[in-house]
Amino acid sequence: MPKHYRPPGKKKEGNSAKYSTRTKALRHLQVTLPTFRKLCILKGVFPREPKKKYEGNNKTYYHSKDIAFLQHEPLMEKFRDIRAYDKKIHKAVAKKNDELANRLRSRKPGYTLDRLVKERYPTFIDALRDLDDCLTMVHLFAALPAVESEHIQVKDIHTCRRLSHEWQAYISRTNKLRKTFISVKGTYYQVEIEGQKITWLTPHALQQVITDDVDFKVMLTFLEFYETLLSFINFRLYQEINVNYPPMLDPRLEALGADQYALSKYIAGSSMVESQAGKVKMTVESELKLAQLQHQLPANEPGALMQLVEGITGEDNDDEETRECKGLFKDLKIFLSREVPRESLLFVIPAFGGIVSWDGEGAPFQETDDGITHQIVDRPTQGHVFLSREYVQPQWIYDCVNARILLPTDGYMVGRVPPPHLSPFVDNEAEGYVPEYAEVVRRLKAEAKKEVLPMPGLENLDLDDPQSLVAEGIMSRTEAIEIAQKKLKMDELEKRYHEELQKELQKLPYSAAASSKKNADRIDEEIKDRVDRSAKDVSDMDQIVRTRKQRGLVKAMEMGIEKKAAKVNLLKKRKENIEKAPASKSS
């Protein structure tokens with residue numbers, strides 16, 4: 001018998017030792033399937049895909065270390081205690097002892113998820129990176145109705161609304177919003193906090209329909225963890241701007257449903273108090289520094305000390321992009337009509353430096369205010385019109401945000417079909433199709449910044465080489481041949497001029513033996529040979545140098561390019577059909 005002989009079946013090896021099925025995990029942990037799902041969601045444990053599924057492809061596999069990680073979780077005992085306590089309540093209800101059942105319900109044990117948040121996200125940046133799904137889930141439940149049959153409680157809806165408004169109030173106050181886009185699903189927003197880009201989706205302010213094909217128990221488990229995570233993040237962000245958390249809102253505005261405006265007022269007031277206290281503290285510190293540094297500076301340079309103090313007090317921590325966003329709607333006073341999406345615009349307009357009000361109680365100013373510059377209207381006609389302001393559709397706000405300039409209001413006036421609402425999350429140059437309005441916006445941005453734009457696609461190309469232009473798709477093969485023909489003719493003329501000049505210097509008789517027709521035929525042949533030779537050399541070199549795997553990757557890339565080209569051609573064809581439609585109707 002060998003020295004290291006191991007009888008079969010005594011110890012597991014390979015995938016059977018590294019992975020475990022869900023049934024075995026339940027048996028090992030001695031928990032039910034709903035409790036196991038809840039634990040996995042809260043702890044961040046997800047199924048794995050082993051290379052070899054040793055018990056079949058229809059099984060769900062988990063890593064053995066993850067199961068051992070769950071085995072020592074203190075929440076396991078909490079869930080067991082809560083389950084035993086629920087049995088006591090059911091027993092009291094079955095015996096019709098209502099007094100005991102109510103007393104037991106009031107003393108039901110609970111648990112917190114603070115430790116799990118700190119465990120899963122050791123640093124603040126880690127939490128910000130994983131905030132996309134959290135914000136989307138919280139904003140979704142903030143718009144849902146309370147349904148008892150799906151266990152969606154009223155307190156969960158109120159908590160989600162409070163957390164979402166606190167988040168939006170911070171973004172508006174610090175001008176961190178970067179992009180926004182209105183789609184069929186809802187409104188997409190993107191912010192940038194400490195270098196991390198966070199994108200989430202907010203549903204439209206419409207009546208939401210609860211469907212039967214969604215497991216709300218699983219979603220509520222995610223929501224339970226996300227509420228704790230967002231509370232931690234809001235607390236940290238509010239502390240950074242010296243505002244107490246949770247905020248204390250004006251009860252009158254809260255009763256009127258103006259939570260977002262009440263939060264903005266609270267943050268502005270808190271920041272003002274903190275800034276005044278900071279100014280007093282800075283004045284005292286400046287006086288101390290002046291007294292300490294007075295003897296260190298030369299007596300004949302009185303301006304040096306003033307420059308030092310001004311450099312300390314005039315420090316601005318905002319980056320260039322934040323300053324640009326802060327000044328977009330700086331001089332605008334905007335009023336919202338009652339038919340526009342109020343919550344979205346109350347979030348977007350202050351985030352870019354604008355002053356906004358609405359039609360209703362608790363508004364900062366009324367519709368009759370003379371200082372209003374723009375009124376947002378979303379109706380076919382406007383009855384009473386003030387000549388001192390412009391009436392635009394809500395899309396104008398979002399397009400100005402994405403373009404970072406104030407666009408002309410002619411195309412967004414009341415009753416007109418607005419320009420296409422382009423997504424800022426799509427790179428038109430990479431997609432190969434630049435919409436017409438995107439090019440108009442690009443020209444307007446260049447005009448506002450007093451820049452001169454190059455021809456599209458020609459920034460990094462050698463314009464003297466026609467073959468590079470053909471390879472990049474800037475011009476066709478025929479145009480490249482024409483350019484190459486002109487270039488060769490110029491080279492031939494320059495060469496003939498130098499030969500004639502040389503003969504003249506040598507005092508040799510000049511002979512025009514080479515006719516122009518032969519030179520033209522020779523130039524055409526050289527052009528065709530050069531283009532065909534370069535194309536053949538490139539294809540032959542690709543076949544020789546690349547391996548089989550690389551050739552397969554190149555083929556897949558070519559198929560992707562063809563699909564993209566087909567999509568671009570389809571968009572161009574649709575555009576042509578749309579342009580032809582009015583002409584056919586008029587005729």
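In strand β4 (residues 186-193), V191 is the bridge partner of L177; helices (H or I, at least four residues) and strands (E, at least two) are DSSP runs, numbered from the N terminus. The model is predicted, so that local features require pLDDT of at least 70 and side-chain atom pairs pLDDT 80 or more, while totals for chains, interfaces and linings use all residues. Residues are numbered from 1 along each chain as its sequence is written, and side-chain values use heavy atoms, without hydrogens and water.

Strands β3 (residues 177-182) and β4 run antiparallel and are joined by five bridges, pairing being assigned if DSSP finds at least two bridges between two strands. On β4, eight bridges give antiparallel pairing with strand β5 (residues 196-203), where T202 stands opposite T187. The β4–β5 hairpin has two residues between its strands, and E194 in the turn shows a positive phi of about 55°. Six of the eight residues of β4 are buried (under 20% relative accessible area; exposed is over 50%, partly exposed in between; 1.4 Å probe, protein chains only).

The structure contains 24 salt bridges, defined as a side-chain nitrogen of Lys or Arg within 4 Å of a carboxyl oxygen of Asp or Glu. One of them joins R115 and E73 at 2.4 Å, N to O. Because R115 lies in helix α7 (residues 114-120) and E73 in the loop between α4 and α5, this pair ties together parts 42 residues apart in sequence. R115 is partly exposed at 38% relative accessible area, whereas E73 is buried at 4%.

R178 forms a further salt bridge with E321, with closest N and O atoms 3.5 Å apart. This pair links strand β3 to helix α15 (residues 320-326) across 143 residues.
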